[in-house]
Amino acid sequence: MLLTLTVSAQELTPIHADAPKREMRAAWLTTLNGLDWPKTKATNAATREQQKRELCTVLDQLQAVGINTVLLQTRIRGSVIYPSTIEPWDWALTGQFGQDPGYDPLAYAIEETHRRGMELHAWVVTIPAFKTDQARKMGSKSLLKTHPELLHQLGGQYYLDPGMPATADYLVSICHEIVSRYDIDGLHFDYIRYPENATSFPDTKTFQRYGKGQTKAAWRTANITRIVRRIYEDTKAQKPWVKVSSSPIGKYADVSRFSARGWNARDAVHQDAQGWLREGIHDMLFPMMYFDGNHFYPFAADWAEHTSGRIIAPGLGIYFMHPQEKNWPLGVITRQLHYIREQGLSGQCYFRTQFLTSNVKGLYDYLQRDFYAYPALPPACTWIDSIAPSAPTALQTETIGRSASKLTWQPASDNTFSNGSRSSVRYNVYASTEWPVDISKAENLVATGLPECSYTYNRLTAHLYGMHFAVTAMDRAGNESIAAQLTGSTPSGKSSHKRLRIGAKGQLIFASN
């Protein structure tokens, strides 16, 4: 990436002084029916490349607005977007279930996301399977053929029965396959709960067989928690740095003075999400807070009070801003964004990507120019690992063109986990006109999560403004090393009291203090 500079009077606008250096900035990238991606079906070489280009365009847009975490829908409903030995290909890739698109979309998405300095979390829809009218289209790997004993029908759809012990085994096998084969940063569960109309779920025989004196409600809650615990333990045994999360119902339970009106995570669908944090079988939560007013603020405060020291980043229903939905004004979302920061929550997540990248009601512009004025690192998960990697060494620059230079350094190393595994290290680049570069300031961040030991920048810009550089190493848990500092020179007559930020088009912008 080449660092460039343009400055205009309009661009030297006030910047958001409270923007934190650490913040979860995530988006759900939906592959169900190609809602966010893909739009083109990969049926030949040309359309396969077009499908890849579409993904890169989306990732470029997310990177430019400041998103640092992509939740990519990897298992949809009994079908997947990677070559699985367990379940069939999803039809969104080619227009047909079970058809190979000619490449591995998950591997490609991971590579391209990491290239842009973002994390990729594999989003796995857990309990719902396919609709009944799709059952015969799923092929030989269909759950209906491989494990029909685990399925129940309800409302025109098949669901796995959480009360069957083998359901946990099956979902562990799906997640194990993903974690073992792919360099994902996180594993994200969706619908890790009973269906909306849980009282109608046909699991009476399962309860009679396995209930063992419990109330049905307690038994169901224990079933979901058992599945969560099993997957968490299996994931951490393989790759301790993979972050496990889910998207629970946005209201955990009734709160003082405000009722969830029968729709909450704990009581309506047996999803004890706050309990998972307390037990330590979740690293983060993205509650689906697709509400406003007293349906949002008291429940967001409740999440903030029950983090158990882990990450909670509310999911915002930005699709409600669309005129064909609830036609919310932009102010609904901007007020929620500021409230989340004020409450000390770890960040936010957007449902869904297309409503962000299409700039509905100007949200994309608002984030890029104001709320996300600076880049941000994802919050550190110090309970996974609290030991920072070593610092990069031998920081230096070399000329590579008429106006470009490359900043290079020697790799850092990270500690080994108790199971003998070692994760990769990524790099953050800081720039400032003051030396040494203060790496505590978000405004000094210019590149995050780089997988390689180099960064290309505009040499003329750097010299003109007397820029100094610093580079840190960051492990997969988010621990950051001390900085390797590289001093530049401040030309005579040039003030070094400048502030640096990233502009709307990814350019560097300096604003006087």
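Strands here are DSSP runs of E with at least two residues, helices are runs of H or I with at least four residues, and both are numbered from the N terminus. Two strands pair if DSSP finds at least two bridges between them.

Let's look at one pairing up close. Strand 4 and strand 6 (residues 157-160) run antiparallel and are joined by 2 bridges. You can find Lys131 opposite Gln157 in strand 6.

Another open sheet is formed by 10 strands with parallel pairing, in the order 10-12-13-1-2-3-7-8-9-11. Its edges are strand 10 and strand 11 (311-312); each has a single partner strand, so one side of each is left without a neighbour in the sheet. Strands of a sheet pair through backbone hydrogen bonds, either parallel or antiparallel.

Strand 1 and strand 13 (residues 347-350) run parallel, joined by 4 bridges. Ala27 has Tyr350 in strand 13 as its bridge partner. Helix 1 (residues 45-65) lies across strand 1 and strand 2 (69-75), and runs at about 155 degrees to strand 1.

## Aromatic rings

How many aromatic pairs does a search of the whole structure find? There are 23. Rings of Phe, Tyr and Trp (its six-membered ring) pair if their centres lie within 6.5 Å; planes under 30 degrees apart count as stacked, over 60 as edge-to-face and the rest as tilted. Trp28 and Phe286 form an edge-to-face pair, 6.4 Å centre to centre with 70 degrees between the planes. Trp28 lies in strand 1 (residues 24-29) and Phe286 in the loop between strand 9 (284-285) and strand 10 (288-289), so the pair ties together parts that are 258 residues apart in sequence. Trp28 is buried at 2% relative accessibility, and Phe286 is buried at 0%. Buried means under 20% relative accessible area, exposed over 50%, and partly exposed in between (1.4 Å probe, protein chains only). Both residues belong to one aromatic cluster, whose members include Tyr290, Trp328 and Phe355.

Tyr297 and Tyr339 also make an edge-to-face pair, at 4.9 Å centre to centre and 90 degrees between the planes. This pair links helix 10 (residues 297-305) with helix 11 (residues 330-342), 42 residues apart. Both tyrosines, Tyr297 and Tyr339, are buried.

## Cysteines

How many disulfides are there? The count is 0, where a disulfide is a pair of cysteine sulfur atoms within 2.5 Å. For Cys175, the nearest cysteine sulfur is that of Cys381, 18 Å away. The sulfur of Cys381 is 15 Å from the closest cysteine sulfur, in Cys349, too far for a bond. Cys175 is buried at 2% relative accessible area, and Cys381 is buried at 0%.

## Reading the model

Residues are numbered from 1 along each chain as its sequence is written, and side-chain values use heavy atoms, with hydrogens and water left out. In this predicted model, local features need pLDDT of at least 70 and side-chain atom pairs count only at pLDDT 80 or more, while totals for chains, interfaces and linings use all residues.

Definitions and conventions:
Contact = heavy atoms within 4.5 Å. Axes fitted to C-alpha atoms, helices over the stretch in contact; angles between N-to-C directions.
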